[in-house]
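The briefing is meant to be read with the structure open alongside.

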Amino acid sequence: MLRTLKVLLTLMAGIALGLATTWATVIRPNGSGGVADGPWRTSLAAGSSEGGPYLRAYVAVHALLALSRAETIYYNASEDSEGHALDGHCSYRIEGRDPPARWWSITAYGADDFLIPNPADRYSVSMNSVARRADGSFAATASKPQAEANWIPVTAGPFDLMIRLYNPQPDVAADPGHLALPTIKKVACE
Amino acid sequence: MIVRSWKWVAAMLLAAAVVHGVTVLFLPRFVMLRTMKGIAKTAGAANAILHAPRATSRSRGVVRPSPDLLYSICVYDLGATGAVRVSTHDMPETYWSASVFDADTNNFYAINDQQAKSGAADFILVPQGKSAAANRLPVVTAPTPTNRGIVLFRTLVNDEADVARIDAARHNAACAPYKTD
């Protein structure tokens, strides 16, 4: 009887530990891994059969139906350029130049991996919609209060930003850590 | 006593390793099966296209949708039909692509507007081992281990003033059972 109880408890503890480690390594979003370009990170194997089981599981949970790098390369930022976690209680200035791709966008997602509800129904800025300065650069704002231009609304709580590079130029895959992607700087907090 | 305790700890760690390995390995298949079930239910069947409405914060079909793209999607089932024809025509002059994913989430084929030319794409999806050399249409072979997966059309809204026309044109995308020659 005691032995049966021990076997059951051992199994239950093993199952719990196994599920917890899967949660910690795959299901819980994290900003580590892949190649970094400033606060942005990418994995060139995402969406392809080259990725190992951990990347494939991560993509299934957080980026299902991601295209392989020949078509699109995705970068994520869950921290600002100073290394602090993005938080909707604060406003951020996203500043840079057009990334080297046929088309690009920057989109905000909530911790649940879906678009963030907001009264304006705005979720992104893109190559087509962004307002540029005279020198071609741009500055977007991720914030809860409405910004004058290039506003990406967020709400209180953790969020992350994703850059999509559709039909990226060949040098993106060749050197994904040196694109000089936009900086993300905290402006103010509530 | 210590040796006996270590045996239980080792057994617990072994169970944890097995559970961890199995869940990591099968998570992609599980997520895809659940997603395919939802898509086929909404589309009415497998091998039928679903033109999803533009993504908003209320969209819950697939994680991380782009609000700048229009998605048309179908579940292919080669086991039921032997082959599936994927096609579109008269697509708008913007970025669009048709991509195919296996049941383990791998994107094993994609064609975009610049590769397709003339705003059209037309190919047949067949399972491994099926000869389709005599077909007049290009053939794409779906990898094992399953005969099911997802075809996803993405169409970029590059001009908000033109969204109605772009949306109408992307409705030309189709998936349908196909009888090979």
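This is a predicted model: local features need pLDDT of at least 70, side-chain atom pairs count only at pLDDT 80 or more; totals for chains, interfaces and linings use all residues.

Chain B and chain A bury about 4,300 Å² between them, of which 64% lies on carbon and sulfur atoms. The contact draws on 51 residues from chain B and 56 residues from chain A, and 5 salt bridges are found across it.

**The interface between chain A and chain B**

- Across the interface of chain B and chain A there are 18 residue pairs in polar contact, counted where both residues are at pLDDT 80 or more.
- On the side of chain B that touches chain A, at least two residues each are supplied by α1 (2–43), β2 (69–77), β4 (96–102), β5 (107–112), α3 (113–116) and β8 (148–156) of chain B.
- Of these elements, α1(B) gives the most to the side of chain B that touches chain A, with 16 residues.
- Sorted by class, that side of chain B has 27 nonpolar, 17 polar and 7 charged residues.

**Salt bridges**

- Over all chains, the structure holds 16 salt bridges, while the rule finds 5 salt bridges across the interface of chain B and chain A.
- Arg102(A) and Asp113(B) meet through their side chains in a salt bridge, with an N to O distance of 2.5 Å.
- That pair crosses between chains, running from Arg102(A) in strand β5 (residues 101–110) of chain A to Asp113(B) in helix α3 of chain B.
- A salt bridge also links Asp121(A) with Arg58(B), where the closest N and O atoms are 3.8 Å apart.

**The five-stranded sheet of chain B**

- In chain B, 5 strands form an open sheet in the order β1-β2-β8-β4-β5, and the pairing is antiparallel.
- The edges of this sheet are β1 (50–51) and β5 of chain B, each of which pairs on one side only.
- The antiparallel strands β4(B) and β5(B) are joined by 5 bridges, and Ser97(B) stands opposite Asn112(B) in β5(B).
- Helix α4 (residues 163–170) of chain B packs on the sheet, where it touches β1, β2 and β8 of chain B, and the direction of the helix makes about 10° with that of β2(B).
- Among the strands of this sheet, β2, β4, β5 and β8 of chain B each also supply at least two residues of the side that touches chain A.

**The four-stranded sheet of chain A**

- Chain A has an open sheet of 4 strands in the order β8-β7-β4-β10, and here the pairing is mixed.
- The edge strands are β8 (151–153) and β10 (183–189) of chain A, each pairing on one side only.
- From one strand to the next, the twist in this sheet averages 20°.
- Strand β4 (residues 90–96) of chain A runs antiparallel to β10(A) and is joined to it by 6 bridges, and Ile94(A) stands opposite Ile184(A) in β10(A).

**Overall make-up of chain A**

- The secondary structure of chain A comes to 3 helices and 10 strands, and from the N terminus on, its elements run α-β-β-α-β-β-β-β-β-β-β-α-β.
- Taken along the principal axes, the C-alpha atoms of chain A fill a box of roughly 80 × 40 × 30 Å.

Methods:
Residues are numbered from 1 along each chain as its sequence is written. Chains are lettered from A and ligands numbered from 1 in the order in which they are written. Side-chain values use heavy atoms; hydrogens and water are left out. Contact means heavy atoms within 4.5 Å. Buried area is the accessible area (1.4 Å probe) that two parts lose on being put together, summed over both. A salt bridge is a side-chain nitrogen of Lys or Arg within 4 Å of a carboxyl oxygen of Asp or Glu. A polar contact is a pair of N or O atoms within 3.5 Å; within protein, one must be able to donate a hydrogen and the other to accept it, and residues adjacent in sequence count only if both atoms are side-chain atoms. Ala, Val, Leu, Ile, Met, Phe, Trp, Tyr, Cys and Pro count as nonpolar, Asp, Glu, Lys and Arg as charged, and the others, Gly among them, as polar. Two strands pair if DSSP finds at least two bridges between them. Axes are lines fitted to C-alpha atoms, for helices over the stretch in contact, and angles run from 0 to 180 degrees between N-to-C directions.
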